[in-house]
Amino acid sequence: MSPLAHAAQPNITSYIATNSGAQCDSNITSTQYQATYQITTTDHHSNAQQHVTLILTRLNDRILYQHNEVSFEAWNKNGEYVRYFPAQKRSISYRRGDLLALNIDTDLDRQFHIISKHGLSQLSQGSTMTGKCLNQQQFVSRDAEQNVAVTWLPQMALPNVLTVDNRYQSIHYKLTELKAISKDLFNQRIGGYQDLDFADVGDSESDPFIAKMITQGFIQHGSSGFYNADGQMIDGGHGGHQH
């Protein structure tokens, strides 16, 4: 098994973008922010790496996930899910009943924090570092199957750094930017879309957009589930990012 990557932990203040440089921004709260992560997946057999940028944008009980230019996803704490397609200004809404019918059992706590409270409680807590703006806590777990290391930001309830390592691959999340997001900007991101309920997809296959999305695997109208922008089935409704 490959050892965990132990990268130096940068000061979180460097991520907070303000006009005056690396200063604490009081507009950034745990329920209103935009966080950008660089995700690096390394295959231990070939040493090949894949890099994905993940942008989380949260406003209270809603959070947006964007990891490509084709679409982005939205969740709310009621368990509803929306897939947005910016180029076409179209969206598909999935209600809780739709997700249950598709056998999608979503851990909403993980959706909003990347790591659920339960998952974090399974790790051993180490040292705490006091930062100028945000404190950082170290968590780690090592076993025969996989190793997990987390640098946690308790005030934001988000990881600064997360590494999951097993015999096949390692997945490394690194927070690269954290900034404030206004209510107006958040609403602009999701405003002006022509929305369709997932329940009506089957009756809308004559719609060229719907037909194209089904053909390309972006929308699944059968019982086998639906897919992310890479054509991979969403496992647990988390856009293909597993932790």
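What follows is a working chat about a predicted model of a protein chain.

Reader: Before we get into details, how many helices and strands are there in the protein chain?

Author: This is a predicted model, and its protein chain has 5 helices together with 12 strands. Of the 243 residues in the chain, 47% are buried, and the accessible surface comes to about 12,100 Å², with 46% of that belonging to carbon and sulfur atoms.

Reader: And in what order do the strands come in the sheet?

Author: The 12 strands make an open sheet with mixed pairing, and the order is β7-β8-β9-β10-β11-β1-β2-β3-β4-β5-β6-β12. The edges are taken by β7 (124–129) and β12 (194–197), each of which has a single partner strand, so one side of each is left without a neighbour in the sheet. Averaged over the sheet, and with direction ignored, neighbouring strands are turned by 20° against each other.

Reader: Which helix packs on the sheet, and which strands does it touch?

Author: That is helix α4, residues 183–190, which touches β1, β2 (49–59), β3 (62–66), β4 (72–76) and β5 (81–85), and whose direction makes about 60° with that of β3.

Reader: Let's look at β1 and β11, then; in which sense do they pair?

Author: Strand β1 (residues 32–43) and strand β11 (residues 169–179) are paired in the antiparallel sense over 10 bridges, and within that pairing Gln 34 stands opposite Lys 179 in β11.

Reader: Changing topic to rings: how many aromatic pairs does a search of the whole structure find?

Author: The search finds 7 aromatic pairs. In one of them, Tyr 37 and Tyr 173, the ring centres are 6.4 Å apart and the planes stand at 70°, so the pair is edge-to-face. Tyr 37 lies in strand β1 and Tyr 173 in strand β11, so this pair ties together parts that are 136 residues apart in sequence.

Reader: Are Tyr 37 and Tyr 173 buried or exposed?

Author: Tyr 37 counts as buried because its relative accessibility is 0%, and Tyr 173 counts as buried because its relative accessibility is 2%.

Reader: Which residues do ring pairs link into a cluster?

Author: Trp 75, Tyr 81, Tyr 94 and Phe 198 are linked into a cluster by ring pairs. Two of these residues also meet in the sheet, where Tyr 94 in β6 is the bridge partner of Tyr 81.

Reader: So what about β5, how many of its residues are buried?

Author: The strand is mostly covered, with 5 of its 5 residues buried.

Reader: How many bridges join β5 to β4 and to β6?

Author: β4 and β5 run antiparallel and are joined by 4 bridges, with Glu 73 standing opposite Arg 83 in β5. β5 and β6 also run antiparallel, and 5 bridges join them.

Reader: Where are the residues with a positive phi in those two hairpins?

Author: The hairpin of β4 and β5 has 4 residues between its strands, and Gly 79 in the turn has a positive phi of about 90°. In the hairpin of β5 and β6, which also has 4 residues between the strands, Lys 89 takes a positive phi near 50°. Lys 89 is not a glycine, and at 34% relative accessibility it counts as partly exposed.

Reader: What about Asn 60, where does it lie?

Author: Asn 60 lies in the loop between β2 and β3, and although it is not a glycine, it has a positive phi of about 55°. Most residues other than glycine have a negative phi. Asn 60 counts as partly exposed, at 41% relative accessibility.

Reader: Back to the strands: is Arg 90 buried or exposed?

Author: Arg 90, in strand β6 (residues 90–94), is buried, because its relative accessible area of 11% falls under the 20% cut-off. Leaving aside neighbours within four places in sequence, Arg 90 is in contact with Arg 83, Tyr 84, Phe 85, Tyr 193, Gln 194, Asp 207, Phe 209 and Ile 210.

Reader: One last thing, what does the side chain of Thr 163 make a polar contact with?

Author: The partner is the side chain of His 172, at 2.6 Å. Thr 163 itself belongs to strand β10 (residues 158–166) and is buried, with a relative accessible area of 3%.

Terms used. Residues numbered from 1 in each chain as written. Predicted model: local features only at pLDDT ≥ 70, side-chain atom pairs only at ≥ 80, totals over all residues. Heavy atoms only, no water. Buried < 20%, exposed > 50% of the residue type's maximum accessible area, 1.4 Å probe, protein only. Areas by Shrake-Rupley, 256 points an atom, 1.4 Å probe, with all protein chains shown as cover. Polar contact = N/O pair within 3.5 Å; in protein donor to acceptor, adjacent residues only side chain to side chain. Pairing = 2+ DSSP bridges. Axes fitted to C-alpha atoms, helices over the stretch in contact; angles between N-to-C directions. Contact = heavy atoms within 4.5 Å. Phe/Tyr/Trp six-rings, centres within 6.5 Å; stacked < 30°, edge-to-face > 60°.
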